[in-house]
Amino acid sequence: TAFVDDLFQEWVADDNPNIKIRMFDGMFRFFSGDQPYQQILPNFSTRNILAVIASNGDISENDDFKVINFGQQCGNVKVTSLSEFANSEVRHYIGDISAHMPERCQTCDWQNYCLAGTTHGLTVSRFSQRNGFDNPSVFCSTFQKLFSLGATYLLRNGLSVDVLRASLDTAPWQATRAQPLPRPSPHFFSRTIPITLQPITK
């Protein structure tokens, strides 16, 4: 937390438009009512499909999941099409993670921006052995402190309270809130995951 706080304070003190820090830039754009960004953010987090293809042709999910051996080796380009990977059981489950709001996040003022940590590409930081991915990010307190610092800075520099409030109320990302996120299937943590196709839903 201290590192992120110090970095943010140094970044705003420099006030140099040539220094781009994606985490801070995105936060300022969302809080300031940048509607195109507010629409792109949830679409990127919940609808885009990431595929990692190794030098031997193995297809896996996002590299971030390697630390928990989740969603790795979901076929090989020699025998598995990208369409099959995109519509596989494990790929659908990963989409469900991104589109699910953990219960503990549902009363948070920052929920529509943070998306339970997914905004900053840290979906893996939601995982625990007890609850699977049905948790806030382990960096939750760091995010909350950063968002508070960012909002305070913008308000002190002329951002309208109404604009900030409207931005935080913006929820183009329709989270699933009523039901707990099911625990991931044990075979999603296998060294080799068999491709099981699921119906395409729009």
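Modeller: Let us begin with a term that we shall need: a crossing of two helices is left-handed if the near helix is turned anticlockwise from the far one by less than a right angle, and right-handed if clockwise. Please keep in mind throughout that this is a predicted model.

Biologist: With that term in hand, in which sense does H2 pass H7, right-handed or left-handed?
Modeller: Helix H2, residues 22–31, packs on H7 with the axes 10 Å apart and at an angle of about 55°. Angles under 35 degrees would count as roughly parallel and those of 65 to 115 as roughly perpendicular, so H2 is oblique to H7. The sense of the crossing is right-handed.

Biologist: Which residues of H2 make the contact with H7?
Modeller: On the H7 side, the contact is made by Phe 143, Leu 146, Phe 147, Gly 150, Ala 151, Tyr 153 and Leu 154. Their partners on the H2 side are Met 23, Phe 24, Met 27, Phe 28 and Phe 31.

Biologist: How does H1 lie relative to H7, roughly parallel or roughly antiparallel?
Modeller: Helix H1, residues 2–14, packs with H7 at an angle of about 20°, and their axes are 10 Å apart; the crossing is right-handed. Because angles under 35 degrees fall into that class, H1 counts relative to H7 as roughly parallel.

Biologist: Which residues of H7 does H1 meet?
Modeller: From H1, the residues involved are Val 4, Asp 5, Phe 8, Gln 9 and Val 12. In H7 they meet Thr 142, Lys 145, Leu 146, Leu 149, Gly 150 and Tyr 153.

Biologist: Is Asp 5 buried or exposed, and with which residues is Asp 5 in contact, leaving aside its neighbours within four places in sequence?
Modeller: Asp 5 is found in helix H1. Its relative accessibility is 10%, and since buried means under 20%, Asp 5 counts as buried. Once the neighbours within four places in sequence are left aside, the contacts of Asp 5 are Lys 145 and Leu 149.

Biologist: Turning to the aromatic residues, how are the rings of Phe 65 and Phe 133 arranged, stacked or edge-to-face?
Modeller: The structure holds 21 aromatic pairs. In the pair formed by Phe 65 and Phe 133, the ring centres are 6.0 Å apart and the planes stand at 80°. Because planes over 60 degrees apart fall into that class, the pair is edge-to-face.

Biologist: How many residues apart in sequence are the parts that this pair ties together?
Modeller: Phe 65 lies in the loop between strand E2 (59–60) and helix H4 (82–86), whereas Phe 133 lies in the loop between helix H6 (111–114) and helix H7 (140–156). Phe 65 is buried at 4% relative accessibility, and Phe 133 is buried at 0%. The pair therefore ties together parts whose separation in sequence is 68 residues.

Biologist: Which residues does Phe 70 contact, leaving aside its neighbours within four places in sequence?
Modeller: Phe 70 lies in the loop between E2 and H4, and this residue is buried, with a relative accessible area of 0%. The C-alpha atoms of Phe 70 and Ile 94 are separated by 9.9 Å, although these residues are 24 residues apart along the chain. With the neighbours within four places in sequence left aside, its contacts are Phe 65, Val 90, Tyr 93, Ile 94, Phe 133, Pro 184, Phe 188 and Phe 189.

Biologist: How many of the 10 residues of helix H5 are buried?
Modeller: In H5, which spans residues 89–98, the buried residues are Val 90, Arg 91, Tyr 93, Ile 94, Gly 95, Ile 97 and Ser 98. Helix H5 is therefore largely enclosed by the rest of the structure, the number of buried residues being 7.

Notes
Residues numbered from 1 in each chain as written. Predicted model: local features only at pLDDT ≥ 70, side-chain atom pairs only at ≥ 80, totals over all residues. Heavy atoms only, no water. Phe/Tyr/Trp six-rings, centres within 6.5 Å; stacked < 30°, edge-to-face > 60°. Helix = DSSP H or I, 4+ residues; strand = E, 2+ residues; numbered from the N terminus. Buried < 20%, exposed > 50% of the residue type's maximum accessible area, 1.4 Å probe, protein only. Axes fitted to C-alpha atoms, helices over the stretch in contact; angles between N-to-C directions. Parallel < 35°, antiparallel > 145°, perpendicular 65-115°, else oblique. Contact = heavy atoms within 4.5 Å.
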